[in-house]
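The following note sets out several points for colleagues who wish to examine the model in detail. Each point may be read beside the sequence and the coordinates.

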Amino acid sequence: MIQNPILRGFHPDPSIIRVGEDYYVATSTFEWWPGVRLHHSKDLVHWELIEYPLNRTSQLSLSGVGPSQGVWAPCLTYHEGTFYLLYTVVTAFYCNMYDTNNYLVTAKDIYGPWSEPVPLNNFGFDPSLFHDGDGRKYVVSMATDHRVPKKYKGRLVLQEYDPVSRKMVGPVRDIYQADKIFLEGPHIFKRNGWYYLFAADTGTGELHGQSILRARSVWGPYTMYQADFMRRDSENEAWSILTSRHRRDIPLQKAGHCDLVETPEGEWYAVHLCGRPLDRGNPADAARFPGSRRYPLGRETAIQKMRWTEDGWLVLDCGGTAPQEYVPGPKEAKAWKAEAEKGFRDDFHDPALSLEYQSLRVPMTERHISLRERPGFLRMFGRSGLASRFSQSLIAVRLTEFDMEIGTKLEFEPEVFKQMAGLVVLYDTDNYFYLHVSHDEDCGKCITLLKAENKKYEYLTGYLPIPPGIPVELRAVSKNFFFTFSYRLEGGAWQEIAAGLDGSFLSDEACEEGWFTGAMAGICCQDLTGAGKYADFDWFEVKTL
């Protein structure tokens, strides 16, 4: 059996392919660097993270982009020996006129190197590439509309792509228009003479779902599948073959944004995003998403077994429309890896950073970090502050469960209050807990805890003096996303400094600007004097409790 989510924590918008016996899933990374997470499996049960395809600044520039902007909804395909990856780089979103820049990169090997980007049309986001049987290729995407009011609530456009000239060619045509039903994340498949348009519907929150339409021509007209087992409570809802919107009691919510794969034995599976809600949510008078449940782990990737009906429509193999937490794996697949460890630890002995880490917007160059200056340690040079969208020295990994322990050990000798280093649990540049070592004019070297919630800043402890020249361990323990923070000096006992802090504000629903990523935990260093004061980190660990 496969247990969902298969990619836990912040892994939204999955796209899947199979090449021989190997499966690959691509997921969105937004403002986190490098761009696009790729995971590999041979059995759809066990997954390993592999090299990021967008790992050069010539391919991707995220400096200055806002929270939850950046790389959206990758589409991974494979055709005649070449891997194709389409993606959007969003540089303006919380405004009237969106900037949605769509690109294509290719590679002969999934591990790279991947090509320099080819620009596509920028009508909207979520571009997807379809390889037709006659050799022609098409790009389908949703289309944004800045007009007030919008002419259509939902709109999908199609244009041909010429792989020889590496350009979009021919007319751009609408293949879907709707006054009430919104579709995005489209993919086109062909089966038994039908072109199937597989698209996410009804937003990406708790009303999310997945629809399927079909036509005899790639240009349409497309007809949406409607069946008695589908439930609709309003005209604004799509006819969804997969959705959690009517089942608040099940563990996998927000189900939608699917992609399809067929096993060598002819079984069909759909990967989709989902979310696991906390037991608390927004207040009824919240400015955004009032009363909504909170999902601090972000949108995750799950998988469902599918089947085709006799009349040629795709449905859940288990029946109904609700996603299942446990799904039968492929019948002929053999387990190829042991169960993944419940957590992550890095003692900084390797010459390069683990793939699990991502940084905010920019790569960690020698200006930010070094693994060579002091073997067995990560040296991190203080750069911009935690609100910076340009040059932070910060690396982080995804939180994957509600109960986790996060820790690090560092050596740091700050000289002024503008120099800081420590442990951070964050959603974006406006929302975090920061347990750190700094310096105060009155007490000298000290530890303190800073909280930022939608640009409201407060210190949750005083400045707690600690002696110079002694390594310090920092710890954050989450129980149902209530956090307890502690520290200890080398050889000493743990000193608890704050307990029971509600961390649910580190979620899509509670943050006022970003709302597409998830909670991360990491280490960072700032020097607001510009001197680049460094901290040496001995180890970093995140483990499931």
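**Notes on the predicted model**

1. Cys-75 has a relative accessibility of 1% and therefore counts as buried, since the cut-off for that class is under 20%. The model under review is a predicted one.

2. How many disulfides does a search of the whole structure find? The search returns 0. Cys-75 accordingly takes part in no disulfide, and the nearest cysteine sulfur, which belongs to Cys-258, is 14 Å away. A disulfide is a covalent bond between the sulfur atoms of two cysteines.

3. Cys-446 deserves a separate remark. Its closest cysteine sulfur is that of Cys-443, at 4.3 Å, which is too far for a bond; the criterion applied is a sulfur pair within 2.5 Å. Cys-446 is also buried, with a relative accessible area of 0%.

4. An open sheet is formed by 4 strands in the order 11-12-13-14, with antiparallel pairing. Strand 11 (128–131) and strand 14 (167–178) each have a single partner strand and stand at the edges, so one side of each is left without a neighbour in the sheet. From one strand to the next, the twist averages 25 degrees.

5. Within this sheet, strand 12 (residues 137–142) and strand 13 (residues 154–162) run antiparallel and are joined by 6 bridges. Met-142 stands opposite Leu-156 of strand 13. Strands of a sheet pair through backbone hydrogen bonds, either parallel or antiparallel.

6. The whole structure contains 33 aromatic pairs. In one of them, the ring centres of Phe-93 and Tyr-98 lie 4.7 Å apart with the planes at 45 degrees, so the pair is classed as tilted. Are the two partners buried or exposed, or in between? Phe-93 counts as buried at 10% relative accessibility, whereas Tyr-98 is partly exposed, with a relative accessible area of 31%.

7. Phe-93 and Tyr-98 also belong to one aromatic cluster.

8. Two arginines are placed over tryptophan rings. Arg-214 lies over the face of Trp-194, at 4.1 Å from the ring centre. The charged end of Arg-232 sits over the ring of Trp-239, 3.8 Å from the centre of that ring.

9. Ser-370 is located in strand 27 (residues 369–370). With 12% relative accessibility, Ser-370 counts as buried. Which backbone nitrogen lies 3.0 Å from a polar atom of the Ser-370 side chain? The nitrogen in question is that of Glu-373.

10. Ser-217 occupies the loop between strand 17 (209–215) and strand 18 (223–224). Ser-217 is partly exposed, its relative accessible area being 28%. Between the C-alpha atoms of Ser-217 and Leu-426 the separation is 47 Å, for residues that are 209 residues apart along the chain.

11. Thr-82 is found in strand 8 (residues 82–92) and, at 10% relative accessibility, counts as buried. Thr-82 and Leu-120 are 38 residues apart in sequence, and their C-alpha atoms are 18 Å apart in space.

Key
Residues numbered from 1 in each chain as written. Predicted model: local features only at pLDDT ≥ 70, side-chain atom pairs only at ≥ 80, totals over all residues. Heavy atoms only, no water. Pairing = 2+ DSSP bridges. Helix = DSSP H or I, 4+ residues; strand = E, 2+ residues; numbered from the N terminus. Axes fitted to C-alpha atoms, helices over the stretch in contact; angles between N-to-C directions. Buried < 20%, exposed > 50% of the residue type's maximum accessible area, 1.4 Å probe, protein only. Phe/Tyr/Trp six-rings, centres within 6.5 Å; stacked < 30°, edge-to-face > 60°. Lys NZ or Arg CZ within 6 Å of the ring centre and 35° of its normal. Polar contact = N/O pair within 3.5 Å; in protein donor to acceptor, adjacent residues only side chain to side chain.
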